Amino acid sequence: MKKPNICQTVLSVASCKAARLFLRKTGRGGTAVPGIVALKIARNILCKVTEGMQIVVVTGTNGKTTTCNMIEHALTSAGKDCLLNRSGANLLHGIASDLISNATWLGKPKCRYAVLECDEAALKQLVDYVTPKAIVVTNLFSDQVDRYGGVQNTLKEIRTGVEKSPESVLVLNADEPLSASLSLGRPNRVIYYGLESSVGVQGDVDLKDAGKCPVCGGEYTYDHHIYAHLGGYACPSCGYKRPEPDVAVTAIDGVSSSGTKASVRIGNAEHKAFISLPAVYNVYNAAACLAASKAMEIDEETAVSSLSSVRSSFGRLETFDLDGVRMQMILVKNPAGCNQAFSYVTSFDEDFTAVLCLNDRTGDGHDISWINDTDYEKLCRDPHLKKLYVGGDRAQDLNARLLEAGAREEELERITDYPALLEELKKEGRPVFLLPNYTAMMELRQAIVKATDSRDFWE
Ligand SMILES: [Zn+2]
């Protein structure tokens with residue numbers, strides 16, 4: 001695409017920066033508007049402001065934000081100056097805001113590297129302007145059905161983006177049949193990552209998102225499962241099967257609330273890693289990070305050791321100290337992610353309180369039927385669960401679902417406002433797991449930030 005001339009560049013960059021500054025000064029984290037303004041002035045400004053940059057784009061249903069965070073940390077650990085769209089505005093305009101703000105007035109990029117979280121449907125737009133060095137696809141699960149029309153449709157959206165990017169290295173989850181199938185018929189270099197059966201993880205199996213063999217339409221059989229539809233799948237009719245991962249987690253050597261010790265094979269080299277974020281799904285995110293680091297030609301040792309000092313990002317196992325009460329927040333927005341969160345919170349030998357909040361606003365998807373496909377029974381069965389708070393616009397629906405899942409009425413309480421809830425949690429003194437969906441998280445987090453003097457995410 002043709003680059004904008006100097007007048008268009010300066011005007012576009014200036015408007016973006018001004019809009020952003022104004023929004024921040026007025027106390028809004030406003031993320032899309034500056035990008036909308038800038039692209040209105042010069043549609044092709046992104047070609048200019050990313051000139052010469054090495055960019056990793058991360059898309060997929062679950063784990064995008066954490067994977068981005070890990071890759072950025074690996075890059076900065078290797079001494080690279082790196083931009084990350086930290087605010088989580090992952091549609092074209094939000095990404096544009098961040099990329100343009102990274103540029104000088106003449107449109108020259110300040111950071112030479114960027115890690116961009118990109119919505120599944122926005123990838124095909126972004127790659128019209130930006131040529132990623134690597135495209136990471138974390139996984140595909142049923143998510144926000146009303147927005148994309150199902151997981152097959154999401155796959156199609158991503159495939160369109162991938163087809164426009166023949167030069168990008170594809171970093172794909174070998175264990176997840178939908179994202180792994182994106183390499184079929186593509187000329188791209190591919191780096192697969194995955195967990196070997198030897199890790200000994202056996203989570204809850206749910207094959208509804210597995211899809212059919214992309215070659216012959218046959219049903220998959222599995223020789224091992226990790227969780228949901230991830231594992232060792234193969235098509236008995238045509239022989240298509242899970243590809244051998246180039247970055248393979250071969251053993252989980254230790255698990256605690258502070259993280260996971262794992263053995264990782266990269267090519268022929270064996271590494272011992274400590275992943276400073278707990279839960280199995282973060283082992284996948286870490287493997288994705290190592291595969292992306294390989295694509296970005298980061299030294300293996302540096303990438304592996306960077307995993308030991310990754311900090312949690314905005315609402316993803318983010319920890320808060322509320323006057324001595326340990327609270328951990330896990331954003332949940334679909335059955336697969338929610339079930340994984342339940343696996344995590346029920347893995348400790350300690351009494352806890354859970355706070356579940358469900359909104360159905362634009363940022364969440366209006367369809368909340370996914371709660372019917374979510375294993376709340378697993379949470380309610382845990383004898384360590386001592387109290388359940390339910391909040392958000394759709395608290396009533398969630399309440400009904402929890403009762404159906406076996407929650408005891410006397411342990412269940414409706415939340416009317418978040419500051420009052422925090423006071424209550426302080427009094428109770430038990431560790432708390434907060435499990436909100438997106439806009440509920442924003443509100444809940446705001447209250448926590450106020451109560452604990454934590455930082456706002458754009459600071
Ligand atoms: Zn087949």
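For the charge count that opens this presentation, Lys and Arg are taken as positive and Asp and Glu as negative, while His and the chain ends are not counted. The place of a charge is NZ of Lys, CZ of Arg, CG of Asp or CD of Glu. On that basis, the protein chain carries 51 positive and 57 negative side chains, and the centres of the two sets lie 8 Å apart.

A word on the source. The model is predicted, so local features are reported only where pLDDT is at least 70 and side-chain atom pairs only at pLDDT 80 or more, whereas totals for chains, interfaces and linings use all residues. Residues are numbered from 1 along each chain as its sequence is written, and side-chain values use heavy atoms, with hydrogens and water left out.

I turn to the overall fold. The protein chain contains 16 helices and 17 strands; these elements are DSSP runs, with helices being H or I of at least four residues and strands being E of at least two, numbered from the N terminus. The radius of gyration is 22 Å, close to the 23 Å that the globule rule gives for 459 residues, so the chain is as compact as a globular protein of that length. The radius is taken over C-alpha atoms, and the rule is 2.2 Å times the number of residues to the power 0.38. Along its principal axes, the C-alpha trace spans about 65 × 60 × 40 Å.

The accessible surface of the chain is about 18300 Å², and 50% of it belongs to carbon and sulfur atoms. Such areas come from the Shrake-Rupley method with a 1.4 Å probe, and for residues only the protein chains shown count as cover. Of the 459 residues, 58% count as buried. Buried means under 20% relative accessible area, exposed means over 50%, and partly exposed lies in between, with a 1.4 Å probe and protein chains only. Contact means heavy atoms within 4.5 Å. Among contacts between residues at least 6 apart in sequence, 70% join residues at least 24 apart.

Let us now consider helix H5. This helix covers residues 92-101 and is mostly covered, with nine of its 10 residues buried. Among the buried ones are Leu 92, Gly 94, Ile 95, Asp 98 and Leu 99. Which elements do the buried residues of H5 pack against? They pack against helices H1 (6-25), H2 (33-41), H3 (45-49) and H6 (123-126), and against strands E2 (82-84) and E3 (113-117).

Two residues bring us back to helix H1. Ser 15 is located in H1 and counts as buried at 17% relative accessibility. A polar atom of its side chain lies 2.5 Å from the backbone oxygen of Leu 11. Leaving aside residues up to four places away in sequence, Ser 15 touches Val 37 and Ile 41. Trp 105, by contrast, is found in the loop between H5 and E3 and counts as exposed at 52%. Trp 105 and Ala 14 are 91 residues apart in sequence, yet their C-alpha atoms are 6.6 Å apart. With the residues up to four places away again excluded, Trp 105 touches Thr 9, Val 10, Val 13, Ala 14 and Lys 17.

Ala 269 is placed in E11 and is partly exposed at 28% relative accessibility. Ala 269 and Cys 216 are 53 residues apart in sequence, with 35 Å between their C-alpha atoms. Beyond residues up to four places away in sequence, Ala 269 touches Val 264 and Glu 300. Although not a glycine, Ala 279 has a positive phi of about 85°, and it is buried at 10%.

Within H10 (residues 280-295) we find Asn 285. Is Asn 285 buried or exposed? Asn 285 is buried, with a relative accessible area of 5%. Its side chain makes a polar contact with the side chain of Asn 282 at 3.0 Å. A polar contact is a pair of N or O atoms within 3.5 Å; within protein, one must be able to donate a hydrogen and the other to accept it, and residues adjacent in sequence count only if both atoms are side-chain atoms. Apart from residues up to four places away in sequence, Asn 285 touches Gly 63, Thr 66, Thr 67 and Met 70.

Lastly, Ala 228 lies in the loop between strands E7 (221-227) and E8 (230-234). Its phi is near 45°, a positive value in a residue other than glycine, and Ala 228 counts as buried at 10% relative accessibility.
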